[in-house]
Amino acid sequence: MTHVLEARNLTRDYHIPGSLFKKAKTVHAVKGVSFSVDQGKTLAIVGESGCGKSTLARIVTMIDPATAGDMLIDGNKVDIAKERLTPEMRQKVQIVFQNPYGTLNPRKKIGEILTEPLIINTNMKADDRRDKAMAMLKKVGLEEKHYGRYPHMFSGGQRQRVAIARALMLNPRLLVLDEPVSALDLSVQAQVLNLLADLQDEFQLTYVFISHDLSVVRYIADDVMVMYYGEAVEYGSREEVFSDPKHNYTKTLFAATPRADVESIKARLARKNAA
Amino acid sequence: MSLFEIENLVVEFQTAAGPFRAVDGVSMKVNAGEVLAIVGESGSGKSVSMLAAMGLLPWTAKVTADKLLFNGIDLLGLSPSDRRKIVGKDIAMIFQEPVASLNPCFTVGFQIEEVLRIHLGLDKKARRARAIELFDLVGIPNPAERLGHFPHQMSGGQCQRVMIAIALSCNPKLLIADEPTTALDVTIQKQILDLLMRLQAEHGMGLIIITHNMGVVAETADRVIVQYKGRKIEEADVLSLFESPKSEYTRALLSALPDNATGDRLPTIAEFLSDDQIFAGAVR
């Protein structure tokens, strides 16, 4: 069976041109990263800001080309630097961004936001587009009456549902989720995570889930990749990575994550009383 | 006598749709040397109640309280200029967005020395020496050189350290930290929380941490207040809150943590709690 997504030695450099006062320099944002994801599975990419995880998301979503290395989607090699992206390829990968306040056009109604990908990438008739958008609204837990409303009339969690619905309009194989719940409240976060799990079951979706929140990753991921300064320092199944982290950075990351269990609180209070 | 005492605080905003009650009868006490965490979701009024105590709300807000005492002084009865002598000096606040709360047009050195000049009246040399000392205290490397930098030249974690240094500059008796680590990476979050806890213990400050992150509560607080839609739902010491939460809402909030997930799906609050059920167990 071929992987839905396979990356071999993906590299991305950004060249910053020099000026009279500054030398030109090259930033290596992603340095030779390899991974693969199978259908219906979730790969979580973890790391702190500036580690290259969002750059990687842009490459996988075919927004930016990789500088070197191969990316295969459903076994087909994709290189947007060399050839134009076909609508068929475009439909296979979609993305949901972090900030639901910034990624929905405030001047467009929800219906227009949802049908726009269909207008661009398919020849569907207007009626069909509308029906599909209505059906998708229900799938993500919204109602048909929301079709004609504007984004500002929704809460953060509802907006993130709209963003997820928009990404699913083209029936993608692979969904890239770039910190989809980090801007949301705890209870809303739980709702959105449940929605993602439901949708994954229903459509056999494959997720690339980018996050810096290890508790969310431990809950949702099948495989985990930890990135540090553009390199994948740790890559393995969730159990492997969480029970036996190999790299020092992964250990630091685990140690830094706040614990909310009763034993940790007792230990902390004991330390405090002793001091 | 407690260091800081609020009784029946109500904050209302005048909006086009009539008055909106953001904080509805919240009471709390903080003693010197104590860490209180206020936890709640967005819209629970946790920031607004602290901004009201600081006197930082716009004129559209109507603040009333039976008691709003700091060190025995009634903050609501003070003239604005008298109040400013306390706020920023004895009560200091750290905000959520470190990069946005520093002025981009001035060096960080200027911004910290401004506080020292206004509140303590130090001369130029003493201000600079104190600023270097403070930067050193919060763990900024090369403090003397860093004073000449602008906020955009520093990372988010460094900017938050500058904010903490400014807040600590006059040795406050009470420090209010409004989501101090929400915008930061976990490794930086750990450093900042460790720093806050160390400074709190060393100076014996009262510390109020406002957060929506249960992990941060578990790692820092002595006592916890849970708020929802402007009302206080529960107040308990940290261990009993996590071990045996009294209200349904707190229980629901804790079970929504991915750490505590038992099945395939996370329990969500809306599924089994209405507002009435949440408020039924509310305390005053």
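Visitor: Why is B:Gln189 called buried?

Guide: In this predicted model, B:Gln189 has a relative accessibility of 5%. Buried means under 20% relative accessible area, so B:Gln189 counts as buried. The residue lies in helix α8 of chain B. Leaving aside neighbours within four places in sequence, B:Gln189 is in contact with A:Pro258, B:Thr181, B:Leu184, B:Asn213 and B:Val216.

Visitor: What makes the approach of the side chains of B:Gln189 and B:Thr181 a polar contact?

Guide: The side chains of B:Gln189 and B:Thr181 are 3.3 Å apart in this contact. A polar contact requires a pair of N or O atoms within 3.5 Å, one able to donate a hydrogen and the other to accept it. The pair B:Gln189 and B:Thr181 is accordingly listed as a polar contact.

Visitor: Why are α9(A) and α8(B) called oblique to each other?

Guide: Helix α9 (residues 248-256) of chain A and helix α8 (residues 186-203) of chain B pack at an angle of about 50°, with their axes 8 Å apart. Angles under 35 degrees count as roughly parallel and those of 65 to 115 as roughly perpendicular. The two helices are therefore oblique to each other. The crossing of α9(A) past α8(B) is left-handed.

Visitor: Which residues of α9(A) and α8(B) meet?

Guide: From α9(A), A:Thr252, A:Leu253, A:Ala255 and A:Ala256 meet B:Val186, B:Thr187 and B:Lys190 of α8(B). The residues of this contact comprise four nonpolar, two polar and one charged.

Visitor: What is the case for calling A:Thr250 buried?

Guide: A:Thr250, in helix α9 of chain A, has 0% relative accessibility, and therefore counts as buried under the 20% limit. A polar contact of 2.8 Å joins its side chain to that of A:Glu234. Leaving aside neighbours within four places in sequence, its contacts include A:Val226, A:Val233 and A:Val241.

Visitor: Is A:Asp74 buried or exposed?

Guide: The relative accessible area of A:Asp74 is 19%, so this residue is buried, the limit being under 20%. A:Asp74 is found in the loop between β4 (68-73) and β5 (76-78) of chain A. Its phi is near 55°, a positive value in a residue other than glycine.

Visitor: How do you know whether B:Asn142 is buried or exposed?

Guide: B:Asn142 has a relative accessible area of 52%. Exposed means over 50%, so B:Asn142 is exposed. This residue sits in the loop between α5 (124-137) and α6 (143-146) of chain B, and its phi, near 50°, is positive in a residue other than glycine.

How values were computed
Residues numbered from 1 in each chain as written. Chains lettered and ligands numbered in written order. Predicted model: local features only at pLDDT ≥ 70, side-chain atom pairs only at ≥ 80, totals over all residues. Heavy atoms only, no water. Axes fitted to C-alpha atoms, helices over the stretch in contact; angles between N-to-C directions. Helix = DSSP H or I, 4+ residues; strand = E, 2+ residues; numbered from the N terminus. Parallel < 35°, antiparallel > 145°, perpendicular 65-115°, else oblique. Left-handed = near helix turned anticlockwise from the far one by under 90°. Contact = heavy atoms within 4.5 Å. Nonpolar A, V, L, I, M, F, W, Y, C, P; charged D, E, K, R; others polar. Buried < 20%, exposed > 50% of the residue type's maximum accessible area, 1.4 Å probe, protein only.
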